[in-house]
Amino acid sequence: MGEMIKMVVVLTVLSVVSGGGLSWLKDFTGPKIENQEMNLVKGPAIRAILKDSEKDPVENRFKIQDGETERNIFVGVFNGKPDTVILESVANGFADKVGMVVAINMTDSTLRGVAVTTHKETPGLGARAKSDPSFSAQFAGKPLTVPVQVSQDGGNITALSGATITSRAVCAGVTKAIEKYNELKPQLEEKIKSMGN
Amino acid sequence: MAKSIVAEFTKGLWKEIPPFRLVLGLCPTLGVTTSMKNGIGMGLATTFVLLCSNILVSLLRKVIPSKVRIACFIIIIATFVIVVEQMMAAYAYTLFMDLGVFIPLIVVNCIVLGRAEAFASKNGIATSAADGLGIGVGFTLSLASLGAVRELLGTGSLKGDIFGFLPYHFSNIFGSSFEPFGFAVQAPGAFIALGLMLCAMNLIPSK
């Protein structure tokens with residue numbers, strides 16, 4: 001009996017100490033990890049789509065509450081007007097989730113650009129969604145009202161040859177981002193106004 | 001006493017060097033050694049986990065009931081692995097991305113659990129720390145040398161840094177006419193490079 005209690009006590013104490021220590025560590029490293037992600041993964045992609053923005057969109061970002069989760073919104077300023085927002089989005093690709101950033105021009109409701117940030121697609125095939133600029137360039141200027149689909153599905157995006165699944169995933173991610181944008185639009189407009197830029 | 005601490009440390013460097021003499025921990029050995037940089041990063045991460053878990057297991061060896069010792073060891077090891085993972089993500093993000101799933105997999109690295117079970121749970125703190133550090137440094141050296149061989153053959157140059165410090169860059173070591181042997185940095189190249197290094201090490205008799 002005594003041994004039984006000892007086992008339970010030792011395991012409990014170990015788990016509690018470990019869990020407590022790790023949750024403190026998470027609070028400590030969380031903001032640093034987010035910064036690293038911003039600088040090394042999302043930052044370059046975001047700056048590439050909004051390279052003419054008068055303010056750095058990575059610095060010029062805010063968080064917005066969307067149900068349970070917080071979303072990062074990046075704002076691009078053109079001709080003195082903060083009229084472009086970037087939303088993050090993910091969709092299921094061929095191998096794993098494909099993460100992307102989607103820039104939307106708020107004034108004329110068009111896509112300003114799309115860039116893939118994280119993926120595990122096949123090098124040389126699906127990976128071109130990130131590396132081949134002519135693929136992502138197709139999205140720029142498309143109005144939000146037209147469904148974003150590859151041409152095989154009746155849309156007007158030419159899929160990467162040999163990587164239709166990845167191309168579909170990018171389209172699905174863009175569609176999700178547009179849906180989210182329409183849903184959050186009033187909140188976004190208010191928030192941008194209150195930023196005063 | 002001092003002599004045995006030194007002996008425990010040095011055995012990990014040659015006599016019991018993990019991937020070559022013990023042929024343990026082959027999953028990260030084959031998986032991450034596509035470059036010297038990744039090999040060193042993985043080796044140092046494993047060394048940290050080995051050292052900390054050996055010290056803690058040795059410290060708690062009289063408290064841990066023998067029936068649940070493996071569970072306790074795993075909790076301790078897993079905790080330190082998460083510490084390494086979080087710190088690496090916070091301070092060496094590109095390395096963290098390169099190593100990917102192999103960092104969490106240190107939890108199931110048989111070297112770490114093996115040292116906790118076979119050594120730290122039976123010995124004092126100082127010798128356990130020396131043992132952990134020795135095996136860890138040996139593992140780091142093995143991964144670094146295997147990584148260097150593969151990177152050299154695969155790309156013809158060595159390039160990188162160690163956790164953002166000590167950048168090194170040696171390009172075109174074999175001269176500009178060298179055609180990179182891309183096979184060496186792919187998965188089968190890992191087996192062949194490891195096999196050749198094992199063979200070379202076995203040619204040197206161990207005392």
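**Note on the predicted two-chain model**

1. Strand β1 (residues 61–66) and strand β2 (residues 69–78) of chain A run antiparallel and are joined by 6 bridges, where two strands pair if DSSP finds at least two bridges between them, and where helices (H or I, at least four residues) and strands (E, at least two) are DSSP runs numbered from the N terminus. There are 2 residues between the strands of this hairpin, and A:Gly67 takes a positive phi near 65°.

2. This is a predicted model, in which local features need pLDDT of at least 70 and side-chain atom pairs count only at pLDDT 80 or more, whereas totals for chains, interfaces and linings use all residues. Residues are numbered from 1 along each chain as its sequence is written, and chains are lettered from A in the order in which they are written.

3. As to confidence, the predictor assigns the complex an ipTM of 0.72 and a pTM of 0.74. For chain B the average pLDDT (the predictor's confidence in each residue, from 0 to 100) is 84, with 97% of the residues scoring at least 70.

4. Chain B holds 9 helices and 2 strands, in the order α-α-α-α-α-α-α-α-β-β-α from the N terminus. Its radius of gyration, 18 Å, is close to the 17 Å that the globule rule gives for 207 residues, so chain B is as compact as a globular protein of that length; the radius is taken over C-alpha atoms, and the rule is 2.2 Å times the number of residues to the power 0.38.

5. Of the 207 residues of chain B, 43% count as buried, that is, with 20 or more other C-beta atoms, placed from the backbone, within 10 Å of their own.

6. Leaving aside residues up to four places away in sequence, B:Met88 touches B:Ala45, B:Leu95, B:Phe96 and B:Ile103, a contact being two residues with C-beta atoms within 7 Å. Among the contacts in chain B with a separation of 6 or more, 78% come from residues 24 or more positions apart.

Technical notes. Buried ≥ 20, exposed ≤ 12 C-beta atoms within 10 Å, placed from the backbone.
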